[in-house]
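These are my notebook entries on a structure I looked through. I wrote down each thing as I looked it up.

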Amino acid sequence: MMNFEQELSKFESGLDREEVKKVIMTEGGEASSLQQNKLDQIMKRYGLALNYCKTDSFDLAYIQIQKVARLLPGNLNVQLLSALICIHEGKEELALQALERAEALSADHPDVKRYKEELTVKEIPQEVQSVQPEEEVVEAEGTAKESGKKAPKKISSEKPKKEKPKKVVTNGSDFEEVTSNKKSFIYLGLGFLIGVIAMLVLVVPTARSAVKDQYATEAESYEDQLKAKETEIGTLKEDLKAAEDATKDAKEEVKSYKNGNKDLYQAADDYIAGKNVEAAEKLMDIDTKILTTKEAKTLYNTIKDKTYASAAQTFYQNGMSQYNARNYTEAEKYLKKAIKANDSNASYYYYLARSYEEDGKTAQAIKYYDKVIELGSYRPTESKTRRDQLKAKQSTEKKTESTTEK
């Protein structure tokens with residue numbers, strides 16, 4: 001027979017928290033609040049099971065260790081402790097089930113084998129009969145006579161004969177001394193009543209306390225799980241907000257890189273390589289509002305000052321080539337770039353207005369003739385004449401359209 005207290009001491013070191021954590025946590029990731037709560041529940045209930053064993057509350061100990069086994073089915077110590085409690089309480093079937101689970105985890109573990117052997121021993125009925133053989137009694141009598149000691153009484157293996165009921169004589173009458181049926185029923189009733197009272201006094205409060213503790217523990221567990229879920233929801237909300245903020249920042253950064261910094265860095269590379277026209281073109285695509293740092297603004301202005309003047313002349317020459325070739329749409333593109341690089345040259349506005357006029361875009365042509373007249377440094381009189389002619393033409397067309405509609 002194994003010593004329960006000695007066996008129980010093997011489990012007092014408790015579970016390895018880090019090993020349990022490796023089992024229940026997500027591989028390579030951070031533990032969620034729900035997983036952390038599960039870990040805490042396992043460690044807490046394992047400790048409760050041990051404490052209940054020390055206070056002889058084995059039913060409560062079994063309840064706690066079973067909850068641990070459900071949360072951590074692959075732990076050998078949990079299954080062995082469950083089996084040990086069941087063996088101690090005489091619950092052979094439950095002990096065997098726990099040992100089968102333990103054997104599946106480690107068939108060669110010495111405690112698994114010992115506990116199974118303990119179960120086998122308990123299952124064998126042990127009928128102890130201390131009947132001394134007649135030969136030993138005879139021998140003992142002879143030895144006692146020689147030594148002068150009193151010989152032991154001879155114990156017969158024969159069944160004792162049933163004695164006849166004694167007869168008692170009272171007042172000249174005899175009757176048989178037996179227990180009446182009436183008294184037997186009274187004693188039986190008293191025994192039953194005492195049993196019921198003992199059950200009410202001893203068993204019922206213990207069972208009620210056990211059930212109450214069980215429900216209290218389960219309620220505490222559900223409350224902990226609810227708090228853990230609330231905490232997890234709060235964490236998820238915070239993570240969502242952080243993700244939304246990060247997405248917003250990323251979009252701004254992408255926008256900044258796409259519309260500002262990227263073109264600025266490429267313009268700098270072109271400028272260093274001596275490609276002034278290409279550098280100027282890239283600067284024209286930059287939204288200067290995106291350039292928020294002092295360094296970016298300084299770089300932008302430096303490249304602009306070094307490239308725009310020469311680039312304006314190149315754009316103007318390309319525009320005039322397209323204008324002379326009567327490719328007015330292409331001419332408009334180059335002349336607009338020339339104006340963007342140098343907005344004070346009246347000749348750029350003049351030939352852009354002429355391109356729009358030849359292309360049949362009257363409103364745009366009038367707009368740029370007005371600019372030529374405003375600057376007054378290149379063909380202002382001719383520009384005024386052409387503008388007035390276009391306005392008159394525009395007025396005539398409107399009147400014609402109005403008459404047609406009527």
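**Entry 1: the largest pocket**

I began with the lining of the largest pocket, whose residues divide into 3 nonpolar, 4 polar and 5 charged. For these classes I counted Ala, Val, Leu, Ile, Met, Phe, Trp, Tyr, Cys and Pro as nonpolar, Asp, Glu, Lys and Arg as charged, and the others, Gly among them, as polar. The model is predicted, so local features need pLDDT of at least 70 and side-chain atom pairs count only at pLDDT 80 or more, while totals for chains, interfaces and linings use all residues. Residues are numbered from 1 along each chain as its sequence is written, and side-chain values use heavy atoms, with hydrogens and water left out.

The space in the largest pocket comes to about 290 Å³. I noted the lining as Leu34, Asn37, Lys38, Gln41, Arg45, Lys67, Arg70, Leu71, Glu218, Ser221, Tyr222 and Gln225. Two or more of these residues come from each of helix 3, helix 4 and helix 9. Which helix gives the most to this lining? I found that helix 3 does, with 5 residues. Helices here are DSSP runs (H or I, at least four residues), numbered from the N terminus.

I also wrote down what a pocket is: on a 1 Å grid over the protein atoms alone, it is an open set of points with protein on both sides within 12 Å along at least five of seven lines. A cavity is a set of points where a 1.4 Å probe fits but cannot get out, and lining residues have an atom within 4 Å of a point. Grid points are joined across faces, edges and corners, and a volume is the space filled by probe spheres set on the points.

**Entry 2: the cavity**

How many cavities of 30 Å³ or more does a search of the whole structure find? I got 1. The largest cavity has a volume of about 40 Å³. Its lining is made of Gln41, Lys44, Arg45, Leu48, Thr217, Glu220, Ser221 and Asp224. Helix 3 and helix 9 are the elements that give two or more residues to it. I sorted the lining of the largest cavity into 1 nonpolar, 3 polar and 4 charged residues.

**Entry 3: salt bridges**

I searched the whole structure for salt bridges (a side-chain nitrogen of Lys or Arg within 4 Å of a carboxyl oxygen of Asp or Glu) and found 27.

I looked up Lys10 and Asp111, which form one with the closest N and O atoms 3.3 Å apart. Lys10 lies in the loop between helix 1 (4–9) and helix 2 (17–24) and Asp111 in helix 7 (residues 110–123), so the pair ties together parts that are 101 residues apart in sequence. Is Asp111 buried or exposed? Asp111 is buried, at 12% relative accessible area, whereas Lys10 is partly exposed at 43%. The cut-offs are under 20% for buried, over 50% for exposed and in between for partly exposed (1.4 Å probe, protein chains only).

Asp111 also meets Arg114 in a salt bridge, 2.9 Å from N to O. Both lie in helix 7, 3 residues apart, about one turn of the helix. Arg114 is partly exposed, with 29% relative accessibility.

Lys384 and Asp388 form another salt bridge, at 3.4 Å from N to O. They are separated by about one helical turn, because they are 4 residues apart in helix 15 (residues 380–405).

I noted a network of salt bridges too, which links Arg354, Glu357, Glu358, Arg379, Glu382 and Arg386.

**Entry 4: two loops and a contact**

Asp56 is not a glycine, yet its phi is positive, near 60 degrees. I placed Asp56 in the loop between helix 3 (33–54) and helix 4 (58–71), and it is exposed at 57% relative accessible area.

Arg326 has a positive phi of about 65 degrees, although it is not a glycine. Arg326 is in the loop between helix 11 (294–324) and helix 12 (328–341) and is exposed, at 64%.

Asp263 sits in helix 9 (residues 181–272) and is buried, at 15% relative accessible area. Asp263 and Lys282 are 19 residues apart in sequence, and their C-alpha atoms are 5.7 Å apart in space.
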